[in-house]
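User: I'd like to go through this model with you. Can we start with the rings and then move on to the pockets and the core?

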Amino acid sequence: MRNDCERKVLFFDVDGTLVDEAGKDIPESTVKALVKAMEKGHLVFVNSGRARCMLKFLEETLPADGFLCGCGTQIVVKGESRFHRTLSRERGEEIKKLLSDCRLAAWLEGEGGVWFPDDEPRTERTRRMRESMMRDYGMVPGWDGPEVVFDKFCALDEGGCDLERFFAGIPDMDVIDRGDGMYECVPAGCSKATAMDWVLKEYGLPLESAYVFGDSTNDIPMFEFAPNRIAMGVHAPELEQFNPFITKTVEEGGVAWAMEQLGII
């Protein structure tokens with residue numbers, strides 16, 4: 001076990017970082033690298049935009065100290081939920097009505113599931129996304145049941161949408177533009193960075209110990225927060241402004257290679 005002045009905290013995005021965008025497979029080299037890092041006394045946290053229900057496959061298989069879920073809306077350490085911010089049922093109903101009135105396709109994300117409206121998708125893109133999530137997470141269309149309590153949501157502009165009205169109606173949400181008409185909406189005050197700050201304070205570690213691994217625009221809060229930044233071989237150009245260490249792709253074992261090059265393992 002390293003002493004605290006040497007101990008590092010490693011934060012990993014999921015899609016495009018730990019797993020390939022096309023599937024759920026984690027390279028064997030990545031798993032071995034995480035195990036070795038933990039054996040050396042470093043901390044390993046998954047830091048994802050996904051809600052906890054969408055990370056179960058990693059919780060069950062990946063060596064990690066904890067999971068920071070839903071862009072900082074839930075913090076899970078050693079299987080225990082230590083922080084969880086959900087939207088009230090009343091606010092949730094307001095948001096669903098706003099999405100419908102503004103003609104935005106959307107899905108809601110929470111610890112209990114991923115939910116879609118009952119109406120049929122208007123575009124092939126939305127149909128494919130819905131079918132994929134229903135297959136992966138066992139959800140069925142319908143977001144009006146009493147079990148629908150969500151932490152965040154994503155909206156898709158399929159054309160003919162009233163974006164001005166939509167944005168004006170969510171002053172309590174931070175909106176991440178994921179590109180191509182997709183908007184990830186998170187309660188203000190929650191982000192991947194706030195979750196990282198919680199971890200550092202919980203373990204009494206300095207900011208300099210934080211290392212972040214990511215590839216997309218919703219990783220920008222991590223890259224803004226941490227001094228040690230690693231961008232995957234394929235990454236959003238918006239990450240270039242942070243002068244990250246650029247590693248190889250997921251398929252090429254980029255996580256393990258970066259950890260070796262940086263002397264973490």
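Analyst: First the rule for rings: those of Phe, Tyr and Trp (its six-membered ring) pair if their centres lie within 6.5 Å, with planes under 30 degrees apart counted as stacked, over 60 as edge-to-face and the rest as tilted. The model is predicted, so local features need pLDDT of at least 70, side-chain atom pairs count only at pLDDT 80 or more, and totals for chains, interfaces and linings use all residues. Residues are numbered from 1 along each chain as its sequence is written, and side-chain values use heavy atoms, with hydrogens and water left out.

User: Which residues do ring pairs link into a cluster?

Analyst: The cluster consists of Phe-150, Phe-153, Phe-166, Phe-167 and Tyr-183, linked by ring pairs. The count of aromatic pairs comes to ten. In the pair Phe-166 and Phe-167, the ring centres are 5.4 Å apart and the planes are at 50°, so this pair is tilted.

User: Phe-166, buried or exposed?

Analyst: Buried, at 0% relative accessibility. Buried means under 20% relative accessible area, exposed over 50%, and partly exposed in between (1.4 Å probe, protein chains only). Phe-167 has 33% and is partly exposed.

User: On to pockets. What volume has the largest pocket?

Analyst: About 830 Å³. On a 1 Å grid over the protein atoms alone, a pocket is an open set of points where a 1.4 Å probe fits, with protein on both sides within 12 Å along at least five of seven lines; lining residues have an atom within 4 Å of a point. Grid points are joined across faces, edges and corners, and the volume is the space filled by probe spheres set on the points.

User: How many residues line the largest pocket, and which lie nearest its centre?

Analyst: The lining has 31 residues, and Asp-15, Glu-21, Arg-50, Met-129 and Met-133 lie nearest the centre. Strand E6 (105-110), helix H4 (124-137), strand E8 (152-156) and strand E10 (182-187) each give two or more residues to this lining. H4 has the largest share, eight residues. Helices (H or I, at least four residues) and strands (E, at least two) are DSSP runs, numbered from the N terminus.

User: How does the lining of the largest pocket divide into nonpolar, polar and charged?

Analyst: Nine nonpolar, seven polar and 15 charged. Ala, Val, Leu, Ile, Met, Phe, Trp, Tyr, Cys and Pro count as nonpolar, Asp, Glu, Lys and Arg as charged, and the others, Gly among them, as polar.

User: How much space lies in the second largest pocket?

Analyst: About 270 Å³. It has 16 lining residues, of which Leu-104, Ala-105, Ala-106, Pro-117 and Asp-119 are the closest to its centre. Helix H3 (89-101), E6 and H4 each give two or more residues to the lining of the second largest pocket. By class, that lining has eight nonpolar, two polar and six charged residues.

User: Now the core. Which residues of the largest nonpolar core have the most contacts inside it?

Analyst: Leu-10, Phe-12, Phe-67, Phe-213 and Met-259, in a core of 29 residues. H8 supplies the largest share, four residues. A nonpolar core is a set of buried Ala, Val, Leu, Ile, Met, Phe, Trp, Tyr and Cys residues joined through side-chain atoms within 4.5 Å.

User: What is Leu-10 in contact with?

Analyst: Leaving aside neighbours within four places in sequence, the contacts of Leu-10 (heavy atoms within 4.5 Å) include Ala-37, Phe-45, Phe-213 and Met-259.

User: Which residues of helix H8 are buried?

Analyst: In H8 (residues 254-261) they are Gly-254, Val-255, Ala-256, Ala-258 and Met-259. Their cover includes strand E1 (9-12), helix H1 (28-39) and strand E11 (210-214). Gly-263 follows H8 and has a positive phi, near 75°.

User: And the backbone elsewhere? What phi has Lys-78?

Analyst: About 50°, positive although Lys-78 is not a glycine. Most residues other than glycine have a negative phi. Lys-78 lies in the loop between strand E4 (74-77) and strand E5 (80-84) and is exposed, at 60% relative accessible area. Arg-103 is not a glycine either and has a positive phi of about 60°. Arg-103 lies in the loop between H3 and E6 and is partly exposed at 43%.
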